[in-house]
Amino acid sequence: MTEARFAEKTTPYLLELAERSDAVRKMYVYDPAHEDIPADIERDLLSEKANTAVPGGVRKFDGRLLVLLSYTCGANCRYCERQDRVGVGLDRLGRLGTAQIDTIVDYVKQDGELHDIIASGGDPLINPKGLEYLFTSLAEVEHVKVMRIHTRFPVQSPGQVNLDLMRKLATLRPTMYLSLHISHPDELTPEVEDLIAQFRAMGYLLICQSVFLKGVNDDVEVLYRLYTRLFQLGVRPYYLYHCQRIPTTARFEMDLRDEVAIMSRLRERLDGLAFPQHVIDMPAARGKVLVPTNHWDFDLGHVTDFDGLTLSTETWKARED
Ligand code: SF4
C-alpha cells in the first residue's frame, strides 16, 4: 500500500551513485520493513493546505509566498515530509499551469507586503515552463525584491538541469537565490560541483538546506565534510532541519539531544559562514525554531512556536502544565 502511495522513484544517475554510496541508497531506496503505514496517514503535515492563500500559493509568514509549482520531483526521498503531496494523494501529478499562475501573480500584485517569492513543490525544476512564466511575470512587480528557487533536482539528475532557463532566470531584476537541498557529501559529485560553479557564474546567491538523517549524516565528520565543501564551493549552509516525525520517517528521526551534541562539536570546528541554522519546522505549529547548542544550558523538553504555542518535544503536542 505504501509503495503505491509514495513509490520508489530514482534516476539513472542516482542508481549509479547509490552503488558507491550507502547514504544515497538509504535516502532513495524503498524499504517495506520501514514504510508499512496506514492509508489514512495525516495529511497536510506542514500546515500548507491550511495556509493556502491562493491555489498553489502558501502564506505562512509575513512578506513571503511559497509557490508549489509542481507536486512531483526528480526522485522521491524516503524521508520526504511532503509525501502527502508529492506525486500522490490530494494533488496527484499536479503542476501549476498558466491560468493558476496568473491568479498567483494577481494575488502578489495586490499585496505590496509580498517581497519574497519562493518557488518550491515538489520540485519547481520539474515544471520549467511554469517556473519561467511565474518568475518573468513577477519580475515586473516592483515590490517583489527577492525570488528563490528551492530544488533538489540538481543532485538527483545534474545532466538534465535546463541551463538555458537557469541562465535566463538569473538575469531577472529581483535578487535571485538558488537553494540546493543537499544532506550528504557523497551528493557533491564532480558533476554537481561543476553545476554549482555554473550557477555561481550565472549570478545566483547559493544557499543549502539539509535534513538530519539517522544512519545517513548523524556524524560530526560527515557534516564537517559536507559544510566545509559547500562553503568552499560558494554555497552558504542555511537550514539543517530536524527530520519530521511521520510514520515513514521514523527510521531517520534522530534524538534531538544527539543532534545538539553534533551541532555543538561542529560549531567549535566550522567556519562561522559554514555553520547552518539548526531548526525544527514543527508539525501543527508555526515557525522554524532555532535549536540551541550545548554551549548554553537550555531545556530541550519544550519549545514555543511563533504564535506562543508551547509544545512538548516528546510528542509535538501542545503542552499542558
Ligand atoms: S525532493 Fe524534496 S519534495 Fe521531493 S521527494 Fe525529496 S524531499 Fe520530498
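Where is the place of glycine 122?

**View 1. A cis peptide bond at glycine 122.** Glycine 122 lies in the loop between β4 and α5 (128–138); here helices are DSSP runs of H or I with at least four residues and strands are runs of E with at least two, numbered from the N terminus. The bond joining glycine 121 to glycine 122 is cis, with an omega of about 10°. This is a predicted model, where local features need pLDDT of at least 70 and side-chain atom pairs count only at pLDDT 80 or more, while totals for chains, interfaces and linings use all residues. Numbering starts from 1 along each chain as its sequence is written, and side-chain values use heavy atoms, without hydrogens and water.

**View 2. The largest pocket.** Its volume is about 910 Å³, the space filled by probe spheres set on grid points joined across faces, edges and corners. Among its 40 lining residues, Glu81, Arg82, His181, Gln209 and Tyr241 are the closest to the centre. (A pocket is an open set of points on a 1 Å grid over the protein atoms alone, where a 1.4 Å probe fits, with protein on both sides within 12 Å along at least five of seven lines; lining residues have an atom within 4 Å of a point.) β3 (64–68), β4 (116–120), β5 (146–151), β7 (205–211) and β8 (236–241) each give at least two residues to this lining.

**View 3. The ligand.** The ligand sits in the largest pocket, meaning that more than half of its atoms lie within 2 Å of the grid points.
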